[in-house]
Amino acid sequence: MGFRSLVVLALCALGADALSCRLRQPRTLVRMSLGGGAPLSRRETMIAVGGAVLMGGAKLAFADEEDLSAYETIPVAKDKMGGLLEPFSEVGKGWRIMKPYSWNQFEQLPGVYEMKWVDLVATNRQEIVVTTSPVKSTTTSVSALGDVKALGAKLAEARSSELVEAKAVIKDGVLFYMFDFKGQDLHQLYQLCIAKGKLWSVTASAPEKRWDKSSALLSKSLLSFMPKL
């Protein structure tokens, strides 16, 4: 399931009334193929997030911003895993990640993703995708999306997947929502944060049958992501 489906399902879980007609069309919005579904466009994301962005008239009942001291703080991963990962920095936009060494890199596709990496071995069907959408300058924390465990449970139920884990953590002063979903065919790590006036999404996917081999690499990569240099 791609970024489009995850964002729409997250908002469905939060009850955005203005989107009720759109959100009740799962055959259109919920794509279950590996890496599936067209990513949510910037305009659709703006409308979906409602009160947090500069488009759309509907207001969501956002949670009050929480005290960051209440969350677990974890370090930003820097482990290269013996050369399997290498540092990548997008200097112009100010973000960084440890990307898989030798994977195919796809540069920004405006309105779809900032960067995408795909395993060179096509049969492995593994990928990491970084996506952004603008939010209002007054929206400074992903806590605006509500309780992380409740949100994760709703997402998993709507996707017919098992929620392995949902947690909120602090990395280098930024609050992240991190999810681990296990489907019949697809395993996916998904994390969200808000920084620099943007909603940042990082998704790492691999077939369930390869998860034991892929999980450490994909986890380290997501744990290394930061929306700043």
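Which residues form one aromatic cluster? Phe-88, Trp-95, Trp-117, Phe-176, Trp-200 and Phe-225 do. The model is predicted, so local features need pLDDT of at least 70 and side-chain atom pairs count only at pLDDT 80 or more, whereas totals for chains, interfaces and linings use all residues. Residues are numbered from 1 along each chain as its sequence is written, and side-chain values use heavy atoms, with hydrogens and water left out.

A pair of aromatic rings is described by the distance of the centres and the angle of the planes. Rings of Phe, Tyr and Trp (its six-membered ring) pair if their centres lie within 6.5 Å; planes under 30 degrees apart count as stacked, over 60 as edge-to-face and the rest as tilted. Nine aromatic pairs are found in a search of the whole structure. One of them, formed by Trp-95 and Trp-117, is edge-to-face, with 6.4 Å centre to centre and 75 degrees between the planes. Because Trp-95 lies in strand E3 (residues 95-100) and Trp-117 in strand E5 (residues 115-118), this pair ties together parts that are 22 residues apart in sequence. Helices (H or I, at least four residues) and strands (E, at least two) are DSSP runs, numbered from the N terminus. Trp-95 and Trp-117 are buried, a term for under 20% relative accessible area; exposed means over 50% and partly exposed in between (1.4 Å probe, protein chains only).

Trp-200 and Phe-225 form a tilted pair, 5.8 Å centre to centre and with 50 degrees between the planes. Trp-200 lies in strand E10 (residues 198-207) and Phe-225 in the segment after helix H6 (211-224), so the pair ties together parts that are 25 residues apart in sequence. Both residues, Trp-200 and Phe-225, are buried.

Another member of the cluster, Phe-176, has Lys-171 over its face, at 4.1 Å from the ring centre. A charge sits over a ring if NZ of Lys or CZ of Arg is within 6 Å of the ring centre and within 35 degrees of the ring normal.

Asp-172 is placed in the loop between strand E7 (162-171) and strand E8 (174-182). With a relative accessible area of 40%, Asp-172 is partly exposed. Leaving aside residues up to four places away in sequence, Asp-172 touches Val-76, Arg-96, Met-226 and Lys-228, where contact means heavy atoms within 4.5 Å.

In helix H5 (residues 148-158), Val-148, Leu-151, Gly-152, Leu-155 and Ala-156 are buried. They cover an arc of only 130 degrees around the axis, which puts them on the same side of H5; the arc is that of the directions from the helix axis to the C-beta atoms. On the other side of H5, Lys-149 and Glu-157 are exposed.
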